[in-house]
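Biologist: Could you take me through this structure step by step? I would like to begin with the overall picture and then turn to single residues.

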Amino acid sequence: KSEGIYSGGKKQGAWQYYFEEGIPKAEARFEADKGFYKEVDRQGNPTMQGWIVDGQSDSTWTYFYENKQIKATGIEKNGVRTGFWKLYHDTGKLAAEGE
């Protein structure tokens, strides 16, 4: 499911995540349990990316459609969407925005 190194009980360095059949799903590079996470679908297209802190999303996150257009972007804090978000059509045109 995942592989990487812990140092002092915290994720450290490069981590790899996999789908059940062993295909790469995501990668992240951590320093003291804080890392930038990038996830892809089974064809290697981006699906989401953002910072993870202590195992939870904690920054601006971006989600993508299969055609690589941005689907949504906004702030996640402690793994929960919060604050201002923008949602887009798969054409890249803004669909909605708000808190």
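**Overall picture**

Modeller: Of the 99 residues in the protein, 28% are buried, where buried means under 20% relative accessible area, exposed over 50% and partly exposed in between, with a 1.4 Å probe and protein chains only. This is a predicted model, in which local features need pLDDT of at least 70, side-chain atom pairs count only at pLDDT 80 or more, and totals for chains, interfaces and linings use all residues. Residues are numbered from 1 along each chain as its sequence is written, and side-chain values use heavy atoms, with hydrogens and water left out.

Biologist: How many helices and strands does the protein have?

Modeller: The protein has zero helices and ten strands. Helices (H or I, at least four residues) and strands (E, at least two) are DSSP runs, numbered from the N terminus.

Biologist: And what does the C-alpha trace span along its principal axes?

Modeller: The C-alpha trace spans about 45 × 30 × 15 Å.

Biologist: Which residues form the largest nonpolar core?

Modeller: That core has eleven residues: Trp15, Tyr17, Ala26, Ala28, Phe30, Tyr37, Ile52, Trp61, Tyr63, Ala72 and Trp85. At least two residues of this core come from each of β2 (10–18), β3 (24–31) and β7 (59–64). The most is given by β3, with three residues. A nonpolar core is a set of buried Ala, Val, Leu, Ile, Met, Phe, Trp, Tyr and Cys residues joined through side-chain atoms within 4.5 Å.

Biologist: Why would such residues gather?

Modeller: In soluble globular proteins, nonpolar side chains tend to be buried together.

Biologist: What is tyrosine 17 in contact with?

Modeller: Leaving aside neighbours within four places in sequence, tyrosine 17 has contacts (heavy atoms within 4.5 Å) with several residues, among them Lys1, Ser2, Ile23, Phe30 and Tyr37.

Biologist: A change of topic: where is alanine 32 found?

Modeller: Alanine 32 lies in the loop between β3 and β4 (34–40).

Biologist: Why is alanine 32 called partly exposed?

Modeller: Alanine 32 is called partly exposed because its relative accessible area is 45%.

Biologist: And where is the place of aspartate 54?

Modeller: Aspartate 54 sits in the loop between β5 (46–53) and β6 (56–57). Not counting residues up to four places away in sequence, aspartate 54 touches Lys10 and Asp33. The C-alpha atoms of aspartate 54 and asparagine 78 are separated by 8.7 Å, with the two residues 24 apart along the chain.
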